[in-house]
Amino acid sequence: MPYGAAHLIPGERVRISTDSWTEPFWQAAKEHRLTAAQCGECGHFRMPPSPFCPKCQSQQTEWPTLPGTGAVFSFAICTKSPYPDLADFVYVPAVIELDGAPGARLVTNLHGCNADDVSIGMRVRVDWNPIRDGWVMPVFRPG
Amino acid sequence: MVWVNQDKTAIVGIGATDYWVRGQSHPRTINELVGEAILRACADAGIQVQQIDGFAYYSGAGAGYGDRMDTASLMEMLGIPEVGFTAALTSGGGGAAAAPGLAAAAIMNGDANYVVSVMALQQRKQRLGTVFGAGPPTPENSFLQPSGLVGPGHLMSVLARRHMHLYGTTRDAFAEVAIATREHALNRPKAIRRKPLTREEYFASPMLADPLCRLDFCLETDGAVAVITTSTERARDCLQPPALIHGVAHGGRAEWGRAFAWMGMPDPHFASSGHKPVADRLYAMSGVSPKDIDVALLYDHFSAMVVMQLEDYGFCEKGEGGPFVQSGAIRFKGGSIPVNTHGGQLSEAYIIGMTHIVEAVEQVRGTAINQVPGCELALATGGPASLPVSGLILRKA
């Protein structure tokens, strides 16, 4: 039986927290700007953002604006609601490789297509899902 | 270079409570379960509980998720007069198979003589199946949790999908792991699932996180298991033949790291169990190779991860785990490497890896319910999980 449309996790259910090293990523997302932590010394990308570059241990960090496109590295199709008080729905958690940030991945949701049509290697572009406390989560759709 | 402490320590006592379906061990308390498992392990070894003088935990001494074990409380409860060692491996279930290795370190360092490793879990408050979605967000898991990957099975389904993509693995392989493991549980009085599993039932099972269905997920159970490690010299005075610690290793590579809590693993680490570096070290320190292993007790929280461990422990080539299991290789009856002869976490009970150690001990004692004839060497593993992952080789005395 086909799964049908891939839904986003309802934004009002999604909570995040930040620290001084991850906040620039989430502040950029508020402005609908996709970024990733890049070492200011050696250029190595790391996600999630952390206090040191694991390649050269530098703390200089840059937040380049990425093209907002990428490819599906892997994914799951989930059919049960993660929330006991919310009816079941189909959603697609996906690991996305980000163009312009080699080695950096985001774990997020895919929508804008049927779950049945998602495949590894599929090209995707970023979309923005408002979540709790005024934050915005980068999600992806085909494109 | 063979390990200097090879065969110098041994597991001499094993003890377990009953196993219950999630939540049904209530109104027993978690410490009561721990105490019962330890007392049974002492009785099995033929020692007094007062002789225990060390604790070697894993999972940060956590008891499942949410509860914790505390050595002082256990001493007070059981009347243990003094300890010379109390420590835990970090992270979660990945360390399971190396808890006796931590015990061996304590014994060889002269810190303690009879060291207990124990795990207990009750899932009345928080079930493991949704544990990753339950907590408040941390800055780190804010890059994972919002995706709706709420439990370990959801996370590992993403690894399974990549394995299928890279190597052509199909759900038939995962089905065979579930069906073979169930077959091994049929004659076990304590197993939670004891009805034969057919392919039809497997493929009718609801998909919880495609490509994994409910029957790819391990049980959610309550219970406790304890094992006692001592020196091989002292083991001579115990009731049971010692299960010699022939090799034991934990750790892993940064490319695996936090694993499915991170999803940053490069290929080929992503679609693996993360065990290969530990497996290589285990074989080097023990001086044995995969073909010497008589029975493999592989941490089976999810069927697909058994396939990947078979590759990482060298029972087949990387990427060939699917066809390997589909050939019948892991069956107790007729398999070239019987896997999870105790019914594993998929069908017997899930006590975060401890049932695999118990089965390894029984196999080298020669007292297992599904006894592999002439079993000399048994492998038990802990994880895949965030590092450490672990492996243990026990030898018949």
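In which kind of crossing, left-handed or right-handed, does helix α5 of chain B pass helix α10 of chain B? In this predicted model, α5(B) passes α10(B) in a left-handed crossing.

**Two packed helices in chain B**

Two packed helices are described by the angle between their axes and the distance between the axes. Helix α5 of chain B covers residues 152-167, and helix α10 of chain B covers residues 303-312. The two pack at an angle of about 55°, and their axes are 9 Å apart. Because of this angle, α5(B) is oblique to α10(B). On the side of α5(B), the contact is made by B:Met156, B:Ala160 and B:His163. On the side of α10(B), B:Ala304, B:Met305 and B:Met308 take part. The residues of this contact divide into 5 nonpolar, 1 polar and no charged.

**Where the chains meet**

The contact between the chains takes 25 residues from chain B and 28 residues from chain A. On the side of chain B that touches chain A, the elements that give two or more residues are α5 and β8 (207-210) of chain B. The largest share of that side, 6 residues, comes from α5(B). By residue type, the side of chain B that touches chain A divides into 12 nonpolar, 9 polar and 4 charged.

**Strands**

Strands of a sheet pair through backbone hydrogen bonds, either parallel or antiparallel. Chain A has an open sheet of 3 strands in the order β2-β1-β3, with antiparallel pairing. Its edge strands are β2 (45-46) and β3 (61-62) of chain A, each of which pairs on one side only. Strand β8 of chain B also pairs with a strand of chain A, namely β5(A). Two of the strand pairs are set out below.

| Strand | Partner | Bridges | Direction |
|---|---|---|---|
| β1(A), residues 37-39 | β3(A) | 2 bridges | antiparallel |
| β5(A), residues 77-78 | β8(B) | 2 bridges | antiparallel |

Within the sheet of chain A, A:Gln38 stands opposite A:Glu62 in β3(A). Across the two chains, A:Ile77 stands opposite B:Asp210 in β8(B).

**A residue in helix α3 of chain B**

B:Ala106 lies in helix α3 of chain B, which covers residues 99-108. Is B:Ala106 buried or exposed? B:Ala106 has 24 C-beta neighbours inside 10 Å, so B:Ala106 counts as buried, the cut-off being 20 or more. Not counting residues up to four places away in sequence, B:Ala106 touches B:Gly54, B:Ala56, B:Phe85, B:Asp111, B:Ala112 and B:Val115. B:Glu200 is 94 residues from B:Ala106 along the chain, and their C-alpha atoms are separated by 49 Å.

Definitions and conventions
Residues numbered from 1 in each chain as written. Chains lettered and ligands numbered in written order. Predicted model: local features only at pLDDT ≥ 70, side-chain atom pairs only at ≥ 80, totals over all residues. Pairing = 2+ DSSP bridges. Helix = DSSP H or I, 4+ residues; strand = E, 2+ residues; numbered from the N terminus. Buried ≥ 20, exposed ≤ 12 C-beta atoms within 10 Å, placed from the backbone. Contact = placed C-beta atoms within 7 Å. Axes fitted to C-alpha atoms, helices over the stretch in contact; angles between N-to-C directions. Parallel < 35°, antiparallel > 145°, perpendicular 65-115°, else oblique. Left-handed = near helix turned anticlockwise from the far one by under 90°. Nonpolar A, V, L, I, M, F, W, Y, C, P; charged D, E, K, R; others polar.
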